[in-house]
Amino acid sequence: MTILGIESSCDDTSAAILKEGKILSNCIANQTIHELYGGVVPEVASRAHQINILPVVETALNQAGINKKDLDAIAFTRGPGLMGSLLVGVSFAKALALGLNIPLIEVNHMQAHVLAHFIDDPKPQLPFLCLTVSGGHTQIVLVKDYLEMQVIGQTLDDAAGEAFDKIGKLLNLGYPAGPIVDRLAKLGTPRFAFPEPQIAELDFSFSGLKTAVLYFLKDQIKQDEDFMKNNLNDVCASVQARIVSILMNKLKKAAEQTGIREVAIAGGVSANSALRQALHDTGEQLGWNTYIPAFQYCTDNAAMIAMAAYFKYQQGLFATQDVTPTARYTF
Amino acid sequence: MELMIQSLTDLDHAASQLLAFAGERRKFSLIGEMGAGKTTLIKSICQQLGVQEIATSPTFSIINEYVYIDVLGKQSTVYHIDLYRLHRIEEAVNIGIEDYLYGEHYCFIEWPQLIAPLLPPDLVQVEIKLLDNSHRKLIFL
C-alpha cells in the first residue's frame, strides 16, 4: 500500500511517500527544489503553496521512485491551519485522487505530529503521553490508541516556541530566535529567576514570562545601559531554563496523574537542547521511556501526514470529495 | 477615550468599555509593543462576546477564528489576526485579508501597520502604552 501525504497548513509546503508503513521520501519546498524549477522561494503566503505544490509532489514521487499510477491513496492536512494555505493542499489532493480514482484520507495536523513517533524505531508503547511543542502549539496529548487521543493540557496564550522567538526578539536576536537563544544559553548561567506562572491543572501560560522579561530588561537597562551586552548569555540561559521547567513540570504532573511512563515530545521545539536534556534526565530519574522523533519529522512535514493516513487506511477511514478544510480542528 | 489599567480585572472592564465605545463598528486595530498585552485584551473581549474556547496567540497561525452566539441568537465569528510574521502587504492580500476586513464579523488585528492602506475607514484604533510599574494606558480612537 502506497500513500502520498500532502501538508500545507502554515508556511511550508511538503509532500511525502509512504509504502507499507515506511517513509520513502519527505520533501519540503525549499531553495533546491525551486532551483530545479527555476522559481524563487516566496515568504509567508498562502499563494506560495500554489507555486510550491506541484514541484514538491513531483520531487517526493521521484525521490521515492514511485509512479503516481502506483499510489493507493492521497492524504492531506485538513486542519488546523490558515484557511488559504489549507485550501491549496486540500484542492490539490482532491483533484489528484479524483484523477487517479483512488481514496482520499483527511488528517488532523496535530494528531499527525503525535503519530510522527511511529515513523522510525524506537516507537512508544500505547498508551503514551506526548508533549507537542512548536511555534504555534503547546499541548500534552494522552494517546490511548493510534487514532484515539485526548488533549489533557494546552497553552492558554502563547506557544512555547513563540515564547523563545519573542523573548529573543526583545533581546534583539531577530525573529525567529529560538535556535539562537539555545546556542547563547549554553554559554551562560541561569542566574536570573523569572517567575513560574501559577496555572491550574495541566495547562500552560507563556505570555506572563514574556512581559516579565520585558520589564526586567527595562529596569536593568535603566541602571546599566550595557546590561544587555554584558549579560545576554545569562539572560538566555535563565529564560530557557524557565521555559523548559514550565514544560517539564506539567509533563511530570501528567505522568503522575495518568501513571504513564512512556513519554514523548514532538514539534519543532523538541530540537531545543535543554528540553532534550531535561526529558532525558527526568526520564532516568523517574523511570520513563522517552522518545523524540528525528528533527525532519518534528517540524511541519508531510511524512507525519502519510503516517497518520496509514493508520486511517487500515481502518477504512476515507474522506469523500465534498471534504473541505477547517481552520480550527479539535480532537 | 483613555483608560488606565493596573490589573487583569481592570482589563476585563476595559474590554467591555471598548466594545461599548465601538458600538456598531466591528473592525479593530491594536498597536502596542511586544508584551504590552494586545493578545490578553483580545482574549478578554472574546470571552465577553461569548466565545467558549480560550483565545490563544495567532502569531504563528496568523489568523485564529472563534465562533459565538450573538445577542440575537445567531452564530457569529470573531477573527483574531496577527500580521507580525508578514513582511509585505502582498502577503496579507494573498491571504485574503480584505475578505476579513470588509466582512460582517468582528475582526481584531495586531501589528496592523503593514496593511495601513487597506484598513476600513470606520476602524476602531486601540493603542496600549506600557507605563512604569506594570501600569498600562489604553487609548481608543
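Reply: Happy to. Let us begin with B:Glu33 and A:Lys218, whose side chains meet in a salt bridge at 3.0 Å from N to O. This pair crosses between chains: B:Glu33 sits in the loop between β2 and α2 of chain B, while A:Lys218 belongs to helix α7 of chain A. Both ends are partly exposed, B:Glu33 with a relative accessible area of 34% and A:Lys218 at 35% relative accessibility. Please keep in mind that this is a predicted model. It scores ipTM 0.87 and pTM 0.91.

How confident is the predictor about chain B? The mean pLDDT of chain B is 92, and 99% of its residues reach 70 or more. Confidence within chain B is highest in strand β2 (residues 27–31), at 98, and lowest in helix α3 (residues 89–95), at a mean of 86.

Now for the other salt bridges. The structure holds 13 of them over all chains. One is formed by B:Arg85 and A:Asp11, with the closest N and O atoms 2.6 Å apart. B:Arg85 lies in the loop between β4 (75–82) and α3 of chain B, and A:Asp11 lies in the loop between β1 (2–7) and β2 (14–19) of chain A, so this pair also joins two chains. Here the two ends fall into separate classes: B:Arg85 counts as buried at 9% relative accessibility, whereas A:Asp11 is partly exposed with a relative accessible area of 28%.

The side chains of A:Asp158 and A:Lys210 meet at 2.9 Å, N to O. They link distant parts of the chain, since A:Asp158 is in the loop between β8 and α5 (160–170) of chain A and A:Lys210 is in helix α7, 52 residues apart. Are these two buried or exposed? A:Asp158 is buried, with a relative accessible area of 1%, and A:Lys210 counts as buried too, at 8%.

Strand β8 leads us to the sheet. In chain A, five strands form an open sheet with mixed pairing, in the order β8-β7-β6-β9-β10. Its edge strands are β8 (148–154) and β10 (289–291), each of which pairs on one side only. From one strand to the next, the twist averages 25°. Strands of a sheet pair through backbone hydrogen bonds, either parallel or antiparallel. In this sheet, strand β6 (residues 128–133) and strand β9 (residues 262–266) of chain A pair in the parallel sense over four bridges. To find one such bridge, look for A:Leu131, whose partner in β9 is A:Ile265. Helix α8 (residues 227–258) of chain A lies across β6, β7 (138–145), β8 and β9, and runs at about 160° to β6.

Most residues other than glycine have a negative phi, and most peptide bonds are trans. A cis peptide bond joins A:Leu126 and A:Pro127, with omega about -10°. A:Pro127 is found in the loop between α4 (109–115) and β6 of chain A. Another cis bond, between A:Gly79 and A:Pro80, also has an omega of about -10°. A:Pro80 is in the loop between β4 (73–79) and α3 (83–100) of chain A.

A:Glu201, with a phi of about 55°, lies in the loop between α6 (178–185) and α7 (207–223) of chain A, and is exposed with a relative accessible area of 53%. B:Ile62, with a phi of about 75°, lies in the loop between α2 (38–49) and β3 (63–69) of chain B, but counts as buried at 1% relative accessibility.

Finally, how many disulfides does the structure hold? Over all chains there are zero. For A:Cys10, the closest cysteine sulfur is in A:Cys298, 17 Å away, and therefore too far for a bond. A:Cys27 is in no disulfide either, as the nearest cysteine sulfur, that of A:Cys298, is 18 Å away. Both A:Cys10, at 9% relative accessibility, and A:Cys27, at 3%, count as buried.

Conventions. Residues are numbered from 1 along each chain as its sequence is written. Chains are lettered from A and ligands numbered from 1 in the order in which they are written. This is a predicted model: local features need pLDDT of at least 70, side-chain atom pairs count only at pLDDT 80 or more; totals for chains, interfaces and linings use all residues. Side-chain values use heavy atoms; hydrogens and water are left out. Two strands pair if DSSP finds at least two bridges between them. Axes are lines fitted to C-alpha atoms, for helices over the stretch in contact, and angles run from 0 to 180 degrees between N-to-C directions. Contact means heavy atoms within 4.5 Å. Buried means under 20% relative accessible area, exposed over 50%, partly exposed in between (1.4 Å probe, protein chains only). A disulfide is a pair of cysteine sulfur atoms within 2.5 Å. pLDDT is the predictor's confidence in each residue, from 0 to 100. A salt bridge is a side-chain nitrogen of Lys or Arg within 4 Å of a carboxyl oxygen of Asp or Glu.
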